[in-house]
Amino acid sequence: MRVCTCVFSRLSPVLRLLVLMVAATAAAHAAGAVYTSQLGYAPNDSKIAVLAVTTGTAVQRSFRVLTHPGGSVAFSSGAMDALPYPGGWFGNDATGDTYLLDFSAAALAAGSYRVESNGFISAPFTIAANTYDPARLRLMEFFRVEASG
């Protein structure tokens, strides 16, 4: 990355370092995210995450499921397992491409995990037999009732 030397040389050393760090971070990462079920997954459920990136972003079509905490690899997909989802996403005056990351075939024990793809990592989610326990859903019901006018 080139920075105009006439302006750059007049900056303090600390400010120069900050400018270079911000520029390197911006150049290294495209906008995107990996989304999973916030509720979690039951052991025998279909388990699908979504990779959302800005339109036209080149992506590697693979992904990994990582243990949380720890980050060890619990499952690695094949090289072309991130499947494009037609229609992409849109919102806030932006559009993008989406990819489905299906890890249903992974033999994952009950626990906490994250999905990683193309440098983006999902929020932690759980795999547990009591994922759909009605007691866990009561809080969501409260918010549904409160939001309904």
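A salt bridge is a side-chain nitrogen of Lys or Arg within 4 Å of a carboxyl oxygen of Asp or Glu. Before using that, note that this is a predicted model, where local features need pLDDT of at least 70, side-chain atom pairs count only at pLDDT 80 or more, and totals for chains, interfaces and linings use all residues. Residues are numbered from 1 along each chain as its sequence is written, and side-chain values use heavy atoms, with hydrogens and water left out.

**Exercise 1. Find the salt bridge and say which parts of the chain the pair ties together.**

Step 1: A search of the whole structure turns up 1 salt bridge. The side chains that meet in it are those of R64 and E116, at 3.2 Å from N to O.

Step 2: R64 sits in strand β3 (residues 64-67) and E116 in strand β7, so the pair links parts 52 residues apart in sequence. Strands here are DSSP runs of E with at least two residues, helices are runs of H or I with at least four, and both are numbered from the N terminus. Strand β7 covers residues 111-117.

Step 3: Step back to the general idea. Side chains of opposite charge can pair when their charged atoms come close.

**Exercise 2. Is E116 buried or exposed, and what does E116 touch?**

Step 1: E116 counts as buried because its relative accessibility is 14%.

Step 2: List the contacts, meaning heavy atoms within 4.5 Å. Leaving out residues up to four places away in sequence, E116 touches F63, R64, L66 and I121. A polar atom of the E116 side chain also lies 3.2 Å from the backbone nitrogen of G119.

**Exercise 3. Which residues touch the most other members of the largest nonpolar core?**

Step 1: The largest core has 20 residues, and L51, L101, F103, L108 and V115 touch the most other members. Strands β2 (48-54), β6 (94-102), β7 and β9 (125-127) each supply at least two of its residues. The largest share, 3 residues, comes from β2.

Step 2: Zoom in on L101. Beyond its neighbours within four places in sequence, L101 is in contact with residues including V34, L51, F63 and V115.

**Exercise 4. What does helix α3 show at R136 and L139?**

Step 1: R136 lies in helix α3, residues 134-147. With 35% relative accessibility, R136 is partly exposed.

Step 2: Look for its contacts. Apart from residues up to four places away in sequence, R136 touches L39, N130 and T131. R136 and L39 are 97 residues apart in sequence, yet their C-alpha atoms are 9.0 Å apart in space.

Step 3: Move on to L139, also in helix α3. L139 is exposed, with a relative accessible area of 54%.

**Exercise 5. How many helices and strands are there in the protein chain?**

Step 1: Count them: the protein chain has 3 helices and 9 strands.

Step 2: Read the order from the N terminus: α-α-β-β-β-β-β-β-β-β-β-α.

Note on methods: Buried < 20%, exposed > 50% of the residue type's maximum accessible area, 1.4 Å probe, protein only. Polar contact = N/O pair within 3.5 Å; in protein donor to acceptor, adjacent residues only side chain to side chain. Core = buried A, V, L, I, M, F, W, Y, C linked by side-chain atoms within 4.5 Å.
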